[in-house]
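The structure is shown first.

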Amino acid sequence: MRLVLPARAVSYAGDAIAMVALMLRVKDYGGTTGITILLLAFAVPTVVMIPVAGRIVDSYDSRVVLVSSTVLQAVAGVALAFSHDLVSTVALVCVLQVGQAVAGPCWGALIPRIVGEEQVGRATGTSQALVGVAMLVGSATGGLLVEWIGGRDALLVDAVTFGLLAVVAGVVRTRRRPVPGVVKESGGFSAGLRTLLGDPLLRVLVVCLWLFVVVGEAVNVVEVFLVTDEVGLNAAGYGWVLAAQGAGAIAGAWGSGRLATSAGRARAVLAGMAGIGLGVVCMGLANGVVLLVVGAVVTGAGGGLLNAASSTLIVTRVAEELRGRVVAALSGTVRACSLAALPLGGLLGGLLGPRMTFVGCGVVCAVGAMAAALLVARTKDSAVEVVSH
């Protein structure tokens, strides 16, 4: 873990730098439409890979899967740095995300094998906290790097971090290999989805999460316009707002690592949803930097808590041999909801403007979190922590 966690954190820092560079590049190509297309490129490959990503993770040696997928991302990152138009940018982002669609579930299934079942919560919380630090550093420096050295070199930094992660994936001694008999069953996506929806608690939380993502991620389309056009910050300021979200995510993720029960983690998921809703409202109402940053911190804290608690909750409640397919199914369906969020965000942005889009979506998320809490309170949960299917 002393190899894996820092290397993944550095890679996330590179991703944050790249995201700032790409958002600023595409913003000049076509406004809201360009941003929507870019975000679609980040989401579509994960959805398309749903039927195969989980089966790849559960069917092959984790070292082979991780090295191959991460090298693919490094190559795509280099090519992305030298692309100049919207079409090539979108195509290369898709290639990048194909690698991520496989690498993400593979890391998610391997980490419990590295640390042991009893340390999954602490490891996940620590990992998400480090990611928060990485996003803070990457977002804070992303705008500055774009201004100082240009978007191309900023994207090359991201490619280098993928190369580092590929080396680490190759030297980690713990490996996850296929279990004879289990990987031959049909239906990679269906097996993962069946496992998620077969658990009473996960069924409620996952369905609520899907609906939450549709509304909550709609603001991503107009965020750059809120920060730069409405509040009036420059590229560096946009990076610092994203860094504030990363700072909040550190606290949220770190706190989730101290939770030891499914009930506690379920409450943390709901609290994270509510925090994101309130933070988004705060950002939408901001007329200056202070309220904007406060809203960004609250949003980040909610996201950190939500991500870490839900990841741990899912991993601890499904059988080990199915974890690759479960994580892939969840990632893919969440990305599918992200796809639905993009046209919704573009529509709301055009009709209401950036501010009212943030306020409206934030209110819906906060109210939705309260409704989800009522459903969870009525759910009869099993006392068994790991469910076998």
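The second largest cavity of this predicted model is lined by R8, S11, Y12, D15, T70, Q73, Q100, A103, W107, F162 and L165. Its volume is about 100 Å³. A search of the whole structure returns 5 cavities of 30 Å³ or more.

**Second largest cavity**

- Four elements each give at least two residues to the lining of the second largest cavity: helix 1 (4-48), helix 3, helix 4 (86-115) and helix 6 (151-171).
- Helix 1 accounts for the largest share of that lining, with 4 residues.
- Sorted by class, the lining of the second largest cavity comprises 5 nonpolar, 4 polar and 2 charged residues.

**S11, a lining residue**

- S11 belongs to helix 1 and is one of the residues that line the second largest cavity.
- Is S11 buried or exposed? With a relative accessible area of 4%, S11 is below the 20% limit and therefore counts as buried.

**S69 in helix 3**

- S69 is located in helix 3, which covers residues 62-81.
- The relative accessible area of S69 is 6%, under the 20% limit, so S69 is classed as buried.
- At 2.8 Å, the side chain of S69 reaches the backbone oxygen of V65.
- Apart from neighbours within four places in sequence, S69 is in contact with G99, V102 and A103.

**Largest pocket**

- The largest pocket holds about 190 Å³ of space.
- Its lining consists of 13 residues, of which C208, L211, F212, G368 and A369 are the closest to the pocket centre.
- Helix 8 (200-216) and helix 13 (323-377) are the elements that supply two or more residues to this lining.
- Helix 13 provides the largest share of the lining of the largest pocket, at 7 residues.
- By class, 12 residues of the largest pocket's lining are nonpolar, 1 is polar and none is charged.

**E147 in helix 5**

- E147 is found in helix 5, which spans residues 120-149.
- Why is E147 counted as partly exposed? Its relative accessibility is 44%, which lies between the 20% and 50% limits, so E147 falls in the partly exposed class.
- Not counting residues up to four places away in sequence, E147 touches N234, A235 and A236.
- Although E147 and A21 are 126 residues apart along the chain, their C-alpha atoms are separated by 9.6 Å.

**Confidence of the prediction**

- The protein chain has an average pLDDT of 83, and 94% of the residues score at least 70.
- Confidence in the protein chain is highest in helix 3, at a mean of 93, and lowest in helix 7 (residues 188-198), at a mean of 75.
- Residues 382-389 have a pLDDT below 50; beyond near neighbours in sequence, this stretch makes 18 contacts in the model.

Key: Residues are numbered from 1 along each chain as its sequence is written. This is a predicted model: local features need pLDDT of at least 70, side-chain atom pairs count only at pLDDT 80 or more; totals for chains, interfaces and linings use all residues. Side-chain values use heavy atoms; hydrogens and water are left out. Buried means under 20% relative accessible area, exposed over 50%, partly exposed in between (1.4 Å probe, protein chains only). A polar contact is a pair of N or O atoms within 3.5 Å; within protein, one must be able to donate a hydrogen and the other to accept it, and residues adjacent in sequence count only if both atoms are side-chain atoms. Contact means heavy atoms within 4.5 Å. On a 1 Å grid over the protein atoms alone, a cavity is a set of points where a 1.4 Å probe fits but cannot get out, and a pocket is an open set with protein on both sides within 12 Å along at least five of seven lines; lining residues have an atom within 4 Å of a point. Grid points are joined across faces, edges and corners, and a volume is the space filled by probe spheres set on the points. Ala, Val, Leu, Ile, Met, Phe, Trp, Tyr, Cys and Pro count as nonpolar, Asp, Glu, Lys and Arg as charged, and the others, Gly among them, as polar. pLDDT is the predictor's confidence in each residue, from 0 to 100.
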